[in-house]
Each structure stands twice: as C-alpha cells, then as structure tokens.
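Trainee: I would like to learn how to read aromatic contacts in a model. Can we work through one together?

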Amino acid sequence: MPYIKDIFDKNFLEYASYVIKDRAIPDIDDGLKPVQRRILYTLYKMDDGTFHKVAAVVGQTMFLHPHGDASIYEALVNLANRDLFIDKQGNFGNILTGDPPAAARYIECSLLPFGREILFNDNLTDFVPSYDGKMKEPVVLPCKMPLILILGAEGIAVGMSTKILPHNVCEVLSAVRKSLRGEEFSLSPDFPTGGLVDTSAYQDGLGRITTRARLDLSDPKRIVIRELPFGSTVESLIQSIEDAAKKGKLKIGSINDFTSEQVEIEIELPRGVYAKDVIDALYAFTNCETSITVNCLMIKDRKPQILTLTQVIEYHADHLCVLLTRELEFEKNDLLQKIRRRTLERIFIEERIYKMIEELKTGPAIQKAVKEALLPFGDKEFKLPLHDEDIEHLLQLPIRRISLFDIEKNRKDLAEMEKRVKVINKALSDITAHACAYLDQLLETYQSQFPRRTELANFKKVDVREAALRNLKLRYDKTSGYLGYEISSGDLIGEVSIYDRVLVMREDASYQVYEVPNKMFIGPGALYVALADKEQLENVIFNIVYKDGANQYGYIKRFKILQFLTNRLYTHVLPEGAQLLAFGLGDNLAVMPEFTQKSLIKEEFFPVKNYLVKGVQAQGVRLKSKEILSAQFVKEKKS
C-alpha cells in the first residue's frame, strides 16, 4: 500500500505541475499559453506573405501540440479575434453576437507585421525538442511588451486558476516607458466589446471591477444598448433581460436585435413606463452590469505566482532592456564579422593577391601564400589573427565577383556598417534611453490602430431592493393561515417585490421575519403582519398587556422592533409562563383592565403614553397590585 500511495502521489504531482505550467496558466515573459505560443510560432515558420488555410495551420501546429486539433482551432480563432497578431480572411465568428466561426477548411489567416516585429527573433529564442523529439519549439517567445496584460488570460489548473483582464496596447507600452523613466503609472482594463468600467476596487490587478453596457437614453420611451459589458454577448444579454422580465423584476414591452457590425439592442417600454424607471433594474437584475473578480496568476521562473500590474510592468521594463541588449549585441557581432570579411575581400582583390596563387599547386601552399600576403595589412585593416575559415572564404570567391568588384560601392557599404556599429555602441551605453526610444517608435506607428474602447467611470451602487418592481400583491388569510403573493383571498398587506421581507407576530407575541413567500402557512389569527422595513418599523410602537404567571398581576409593555435576523424566531417578548391579554399599536391608546377586585367608583384607564418605550427584552410595568382577569386597549379619552 505505501508503494501504491507513493506512485499516486508522484503521478498526481507531475500531472498537476504539467497542467499548471504547460496547459492552463500563461507565462509572464510572452504572456502566452503553450497552445497560443505554438500557433504563433507555426504561423511565423509558415509566413510567406500569403494567407494560409486555418486547417493547414492547425495541422502544422499539431506537430508541436499533443492535445488534438479542436483545442488548437478554438485557441487560434480566439487569438485571431483579438486583431493583434493574426490577419483574418473569412468568417471567424462574432465576439459580439457569440456566433461560431466557419469550419477550419473555409477560413484563412496569416501573421501580421506587428506580430513579426514584437514576438520573433530566432537569435534570442531558446528551443527545446517537441513532444515526439522530431522538431524544435520555443520555450518562450522573445516578446518585447507585457502581452499577458494586453491579451488577458483565463484558465483553470489543478488547485488554482487565473483571471487577467485585457488592457489597451498603447497604455501598456506607455506604462512600460514610464517605468523605465522612474515615473508613476496606472493601468485600467480595456475590453474589445467596449462598455464602461469602474476600477475603484481594481487594487492594481488584485481586486475586482464592475463593467456596464453603454445605454442610449436619448428617447425616454426606448433604451438602446450600444456596447456590451465584458464577458457578455448579444444573445446572453438579451436572455438575461427576458428572464428578469419573466420574473417580474422589470417591465419591458419588447426587445429587438439590430446588431450587425455594431451592437444595437432596442428595448421598447410599455405604456406608462419610462427609461429612467428601468435603468436601475437593468443594472441590478440583468447582465447590463457584471462584477468580475481578478486573479493575476502567471508563470514566472517556472513557478506560478500572483503579481500586481505594477510588478508585471516593472518586470517587463527590465525584460525589454535585456532583449534589446541581446538583439543589439547579435547585430553588432554580425556587422563586425561582415566588416572583417568585406575588408579581407577588398584587400584580396585590390592587391591582386589571387594572382600570387596561380602557379601554386597544393592546398597548404596556397593557404600559406594568402596568409603571408595578408599579414602586412593586419594592423591597419583588420584584426589579427587570421583564421583558416577566413582564408577558405577568400579562396571560394567566384571569378565573376572578382571581375565585377566595385571598390567604391564596397567602401560605401563598409562605411555604413561602421556607422551602424557606432550607433549600436551608443545605444548599448544607455540601453534605457534606447528602450524608451523603441517604445516611442512603436507608439507612433501603432497608436491609431489601438484606440481605447472602454470608458472609465464611477458607478453609483444600485440597491437591488430599491430597483426591484413592487408588483406582487402580498395577502394574509386569517382564516386559512396562509401568507403569500400567490393567494387570492385575505387581507392585502401591500404590493411587494421578491426582495422585501415581512414581519409576523403570532398570538403568543413571538415574532419572525420572512422573505416574502409565494405561499406559506403561518397559522390563523396572527396579531400583526406587515412589511419588515426598518425605517417604517422605527415609527411603530407595540403595546401589550400580559398576566404574570406567578402573582396574576397585570403588566404593560411598550417596545419597538429595530433589529432582527431573517427567519429567526424571537420568543422573548413575554416572560416565561405569562399570558397575553391585549395587543395594540400606537400612542393614542389606553388600557382598560378588569381586576378580580372591581372598583366601585369608576372604570379605570391607564394611558399608554404614561409608560416608557423600551427594548423588546425589557420587563413590563405593573398596572396595579391586583390580580387581573382581562384587559383591552381603547382609544384614549381626551380630557
């Protein structure tokens, strides 16, 4: 058994680690999940300036992704619909309406120039063998911006999940630039569906946001939805409105969907209902307002970590400097190598060194002659030592190139390369300034392509209870003992919504607060049934007269019900063993008791206003030191 347990523990940990790191959670370096990375790398390798069938791209990606074509196809469509790196041709579905895309064999895609510029550089990419060992795939792509914040991410792994919201491309690049310069910055989500967003509780990417649809209220008898809240489609939004209307939470006449390239959902209102009366209910009971909790989890240093937006931006500011440094160093080394080769070629041709080897017949003799002929130029023209590869390169120059050699063009090319080396050296000496200039260039080039779509706003919180329609008639039938809005007989308590509560005081003075029921048995002869609105209850004074079980004296108790918990039964109004004699409400009452020893002079009245209003648990005040038989409340006589 311990052996089997060890096997299960080991296999489960390996499975959990694989799902977390290689399936569901994106990497901070390039912001991509493995399937997205493999799709983009496949498009990069296939890129020839033309469109490719999505079916072909999916097929090529399967050489790197071992989880089937369905997951690749879905991920490719979602990535393409972000309009960031992939150019589309054909029906890729509609993120507004939720319509599905066409089959993979009918649609085409290609890599956009922005993707080639931002994501790929083989000199900066580390590769590992694919799952079958026959191909190489990138560990991460050398992405030059925080793509994880631009694309956003959502995924569920083993024991953890991620929810990162998308942000505007230009705002993210500006934040990286400000971080490089040591300036303060802040970021807010930007959604492809537009709408409005309240980020007051965003907490640098670790809190939550509230997003709303954009409503056109220019016509008081009509509401037109122009933009969607994040996470909704036209179909889901309409369904939520229809469900709320069926449940009586809001009043609408009809819904018409005119959505095509832009969202246009028209809500016609019934007679007597105006747009201002429905707005709060739309936000409270439909998907016109949604709240999203954020969990900024990502893979960093091959481990899952939760980071703030600030930490991600600061990491990528440093990461950009590292990538640009490596890129410049590769370019510099390549240029230096080209300068060296071109210089050797110039000397070899201009000094006619190739003439010196015409009579030589052995390879070693030829190489020795060329090397000795080049040595005098070493200190001035190129750096020593000479390598065998340099000599071999010169000996392989074709006759045509020697005969057509242009001295002036060669010198011009060398001057341009040397000038570029100086520019690179200057950039390397202040890589931060170079990174800022690079970001400025990106912003200048692409700013018009990525405008902000979601408007920032501060929302006034909608109270669900206040927004709900009070169109349910709550009744209590004293004879049958039923309470609810689905019974047709009995006394009308009031027009209520499903969010209201009702206070019921029974014959023994115990009371309980319920959510408004459709039909519930509470027993016949309840003393008091009314809506449990705290503001209204503050003005209600309860008066009871009871007989003490020990001495049979009569007591009066006055109280208010100011605090309660829904569905909790309160039984402490009467002392244990006491008997309720009378119940009344208000200040203009008097108690008319009947004692065992009757007064021969006149009837006795005890005005209730002479007694203090106390708490529910307080004891009553004795009326008289006489045993009491009964009591009733009457209207106080005016003197």
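Predicted model: local features only at pLDDT ≥ 70, side-chain atom pairs only at ≥ 80, totals over all residues.

Trainee: What describes a pair of aromatic rings?

Mentor: The distance of the centres and the angle of the planes describe a pair. Searching the whole structure gives 14 aromatic pairs. One of them joins F114 and F450, with ring centres 5.6 Å apart. Their planes stand at 45°, so this pair is tilted.

Trainee: Where do F114 and F450 lie?

Mentor: F114 is in helix α5, residues 113–119. F450 is in the loop between α16 (431–446) and β17 (455–456). The pair therefore ties together parts 336 residues apart in sequence.

Trainee: Are F114 and F450 buried or exposed?

Mentor: F114 is buried, at 3% relative accessibility. F450 is buried too, with a relative accessible area of 11%.

Trainee: What kind of pair do F285 and Y499 form?

Mentor: A stacked one. The centres are 5.4 Å apart, with 20° between the planes. F285 belongs to helix α9 (275–285), and Y499 to the loop between β20 (491–496) and β21 (501–505), so the pair links parts 214 residues apart in sequence. F285 counts as buried at 12% relative accessibility. Y499 is partly exposed, at 24% relative accessible area.

Trainee: Which residues do ring pairs link into a cluster?

Mentor: Y41, Y44, F120 and F127.

Trainee: Which ring does the charged end of R212 sit over?

Mentor: The ring of F459, 4.3 Å from its centre. The charged end of K557 sits over the ring of F559, 5.6 Å from its centre.

Key:
Residues numbered from 1 in each chain as written. Heavy atoms only, no water. Phe/Tyr/Trp six-rings, centres within 6.5 Å; stacked < 30°, edge-to-face > 60°. Helix = DSSP H or I, 4+ residues; strand = E, 2+ residues; numbered from the N terminus. Buried < 20%, exposed > 50% of the residue type's maximum accessible area, 1.4 Å probe, protein only. Lys NZ or Arg CZ within 6 Å of the ring centre and 35° of its normal.
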